[in-house]
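Follow along with the viewer open, and check each entry as we go.

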Amino acid sequence: CPCVPTQGAMMDNRFATALVIACVLSLISTIYMAASIGTDFWYEYHTQSPAENVSEAGRSIWEEFVSKDADEKTYTDALFRCNGTVGLWRRCITVPKNSHWYSPPAFSFFPPLETDMTTNCISFSLSDQFAEKYIEPGNHNSGTDLNRTYLWRLQFLLPFVSIGLMCFGALIGLCACACRSLYPAIATGVLHFLAGLCTLGLVGCYVAGIELLHRKLPLPEDVKGEFGWSFCLACVSAPLQFMAAALFIWAARTNRKEFTLLKAYRVA
């Protein structure tokens, strides 16, 4: 971070402390943002009996879920029935480990064994991320739902823009250290502020997209949906970016004003 003497004068301890705190906040927010992008718990569905749901429909649920031709309604129904989770890059369902999903007979002298469950995930392809959403999910003839289409695309692009801005800001900070100047910290702060706006926009787009989807495909009575911890990490990352931006800008501008006043005093 840009924490070196400015114009030959030793930096005030206040500015050094502010810059160190800003760098720590920036690092934490970057870690949180990267973790939220790479995990699959942005939204979670909880049903009472996922094992029974899978055994009723047989192997077809998994085959439809992993199919390249699976539409939004198909994989969303599977998420409802099988304790699904959705991330920015992948969708996951909980299924029995037994590959043929054997269902025990109705009459048996032995009590049924508890079914071992495992979580299997399928990644969204790049074409899936930019695919059109339809007014009636699964019905290609219903027309394009522009709101959900662009919300989905934005929630895919904004996190990468946010991380890119923070990395570029860090690069400017390193250049400021090499140049032994505090002035570039203003640019670092502005980039962190823009990154915070992108993260905030990501959170808003994701919430709006989920709400619009559930209006088209309401949750069944025995299914509960909630935002997961990956979503919470993104929510925490945004205020950290704003705080880091405020500290960078404050330290750079205040130090510059004091240096200008000091120089004017020496000239006088």
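**Entry 1**

I started from Ile 93, which touches Trp 62, Phe 65, Ala 78, Leu 79, Cys 82, Asn 83, Gly 84, Thr 118, Thr 119 and Asn 120, leaving aside residues up to four places away in sequence. A note to myself before going on: this is a predicted model.

Next I looked up the largest nonpolar core, which has 37 residues. Ile 93 is among the members that touch the most other members, along with Trp 42, Tyr 45, Phe 65, Leu 79 and Tyr 206. Which elements each supply at least two residues of this core? I found α1, β1, α3 (60-66), α4 (72-81), β3, α6, α7 (185-216) and α8. Helix α7 gives the largest share, 9 residues.

I also found a second, separate core, made of 10 residues. Ala 18, Ala 185, Ala 244 and Ala 251 are included in this second core.

**Entry 2: aromatic pairs**

I then turned to the rings, where the count comes to 16 aromatic pairs. One of them joins Trp 42 and Phe 231, with 6.0 Å centre to centre and 75° between the planes, an edge-to-face pair. Where do the two partners lie? Trp 42 is in the loop between α1 (13-38) and β1 (43-47), and Phe 231 is in helix α8 (residues 229-267), so this pair ties together parts 189 residues apart in sequence. I checked burial too: Trp 42 is buried at a relative accessible area of 0%, and Phe 231 is buried at 9%.

The second pair I wrote down is Trp 89 with Phe 156: the ring centres are 5.1 Å apart and the planes are at 75°, so I logged the pair as edge-to-face. Trp 89 sits in the loop between β2 (85-86) and β3 (90-96), while Phe 156 belongs to helix α6 (residues 146-179), so parts 67 residues apart in sequence are tied together here.

**Entry 3: charges over rings**

I looked for charged ends over rings and noted two cases. The charged end of Lys 133 sits over the ring of Trp 152, 3.9 Å from the ring centre. For Arg 153, the charged end is over the ring of Tyr 150, with 5.4 Å to the centre.

**Entry 4: the annotated spans**

Residues 15-35 are 100% helix and 0% strand, with the end C-alpha atoms 30 Å apart. Residues 231-252 are likewise 100% helix and 0% strand, and there the end C-alpha atoms lie 33 Å apart.

**Entry 5: Gly 196**

Gly 196 is buried, at a relative accessible area of 0%. What does Gly 196 touch, not counting residues up to four places away in sequence? I listed Ala 238, Gln 241 and Phe 242. I also took the C-alpha to C-alpha separation from Gly 196 to Leu 165, which is 9.4 Å in space for 31 residues in sequence.

How values were computed
Residues numbered from 1 in each chain as written. Predicted model: local features only at pLDDT ≥ 70, side-chain atom pairs only at ≥ 80, totals over all residues. Heavy atoms only, no water. Phe/Tyr/Trp six-rings, centres within 6.5 Å; stacked < 30°, edge-to-face > 60°. Helix = DSSP H or I, 4+ residues; strand = E, 2+ residues; numbered from the N terminus. Buried < 20%, exposed > 50% of the residue type's maximum accessible area, 1.4 Å probe, protein only. Lys NZ or Arg CZ within 6 Å of the ring centre and 35° of its normal. Core = buried A, V, L, I, M, F, W, Y, C linked by side-chain atoms within 4.5 Å. Contact = heavy atoms within 4.5 Å.
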